[in-house]
Amino acid sequence: SNAPKVVFSGIQPTGVPHLGNYLGALRQWADLQSSASPSDKLIFSIVDLHAITQRQAPEALRLHRREMLAAILAVGIDPNRSIVFEQSRVPQHAELMWILSCGASTGYLSRMTQWKSKLGVGEDADAFASGNNTPRLKLGLFSYPVLQAADILVHRATEVPVGEDQAQHLEFTREVAGTFHSSYGTVFPLPKTVLSPARRVMSLRDPLQKMSKSDPQPPSRILLIDTPEEISKKFQKAVTDSEEGVTYDPRARPGVSNLVQIYAHMQRRTDFHNVANELKDCTMKELKDKVAGIVIEGLRPIRDEYERISKEGDRYLEIVAEEGARKARESAEETMVLVRHAMGL
Ligand code: ADP
Ligand code: NA
């Protein structure tokens, strides 16, 4: 349709993002910015209030917020076109979260899988589900999908680019919006889930696990600012198998197939079987060299831009963050005026 879109997405301040974050999220943000109509609104948030559901050292959090902002700019998000902001600077997010939590079902929340895996211990999750005492489960970790719903709804977003693992939370967001509407009337559009073509980039160390910030042990992940040498080294150490030639078969050959996928995604291709066929006569060493080469070339401008931004210093990033927060507060407050009025607040 031709109605203006409002795109919203968020990323936790986990420091310099890895290749999975880039192909699964950040590159898609930049693509959406390029293809947007002038009347579309694009809003990208560094979701620091989500990061604190797990304890953070203050100095590390401060640094990681800055690094993530620099990375978002380095991949091509233009702060004059898109609103880029830190969630904690926009109090309307937390305000709407409280309001939505008054109508959110704890039963629905307890069925969500993400917090269970973040808890790390299945027993705690099971104990919680059966109503037993679970001192390790914090309220914030349990209820963060309500904050995520607020993040999206407070800007009346119409499309939300997310990874596969977040699709469940988008459903919950629509549910929470529906509950609000049946009590107070319609305020929010129901946001659509937009899945990235690169849904799961796998770890180079263990191709059965996704590439993740929680596995820093080399060669598991490529960081956007890794040097060409570091990138080559990690790919050379990537776990593959001892079969000859290249094929695409994620089940039987997860390591090789992950390399094929990365090679394809770097070229914005998703026809993995064709890509594998084009590489079929490569040895493992040749395959790894090719993938490393294309990743090095693809990340080079990002790394250069990241360095340029870092040289501009904290003051430049602080100005960008403050200006983004100001625009985000304006966008969020427009919604909150409607919400408070609808509720008699
Ligand atoms: P991590 O999974 O490393 O903890 P986040 O949960 O902060 O990273 O994810 C930030 C964004 O990057 C999300 O949109 C998520 O779906 C995407 N993402 C993270 N890891 C991957 C991956 N391995 N492959 C594809 N997308 C990913
Ligand atoms: Na994740």
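Helix α1 (residues 19-35) contributes five residues, the largest share, to the shell around ligand 1, where helices are DSSP runs of H or I of at least four residues, numbered from the N terminus. The model is predicted, with local features requiring pLDDT of at least 70 and side-chain atom pairs counted only at pLDDT 80 or more, whereas totals for chains, interfaces and linings use all residues. Residues are numbered from 1 along each chain as its sequence is written, and chains are lettered from A and ligands numbered from 1 in the order in which they are written. Of the 21 residues around ligand 1, those that come nearest are G20, G24, A25, G163 and K213, a residue being near if its C-beta atom, placed from the backbone, lies within 6 Å of the molecule.

The chain is divided into domain 1 (6-200 + 314-343) and domain 2 (228-308), with bounds from an automatic or database domain assignment, and the centres of the two domains, taken over C-alpha atoms, are separated by 31 Å. Eight residues from domain 1 and six residues from domain 2 form the contact, for which C-beta atoms, placed from the backbone, must lie within 7 Å. On the side of domain 1 that touches domain 2, α1 and α3 (58-74) are the elements that give two or more residues, and α3 supplies the largest share, three residues.

Within helix α8 (residues 139-153), 11 of the 15 residues are buried, so the helix is largely enclosed by the rest of the structure; buried denotes 20 or more other C-beta atoms, placed from the backbone, within 10 Å of the residue's own. Among these buried residues are F142, Y144 and P145.

Key:
A residue is buried if 20 or more other C-beta atoms lie within 10 Å of its own, exposed if 12 or fewer, and partly exposed in between; C-beta atoms are placed from the backbone. Two residues are in contact if their C-beta atoms, placed from the backbone, lie within 7 Å.
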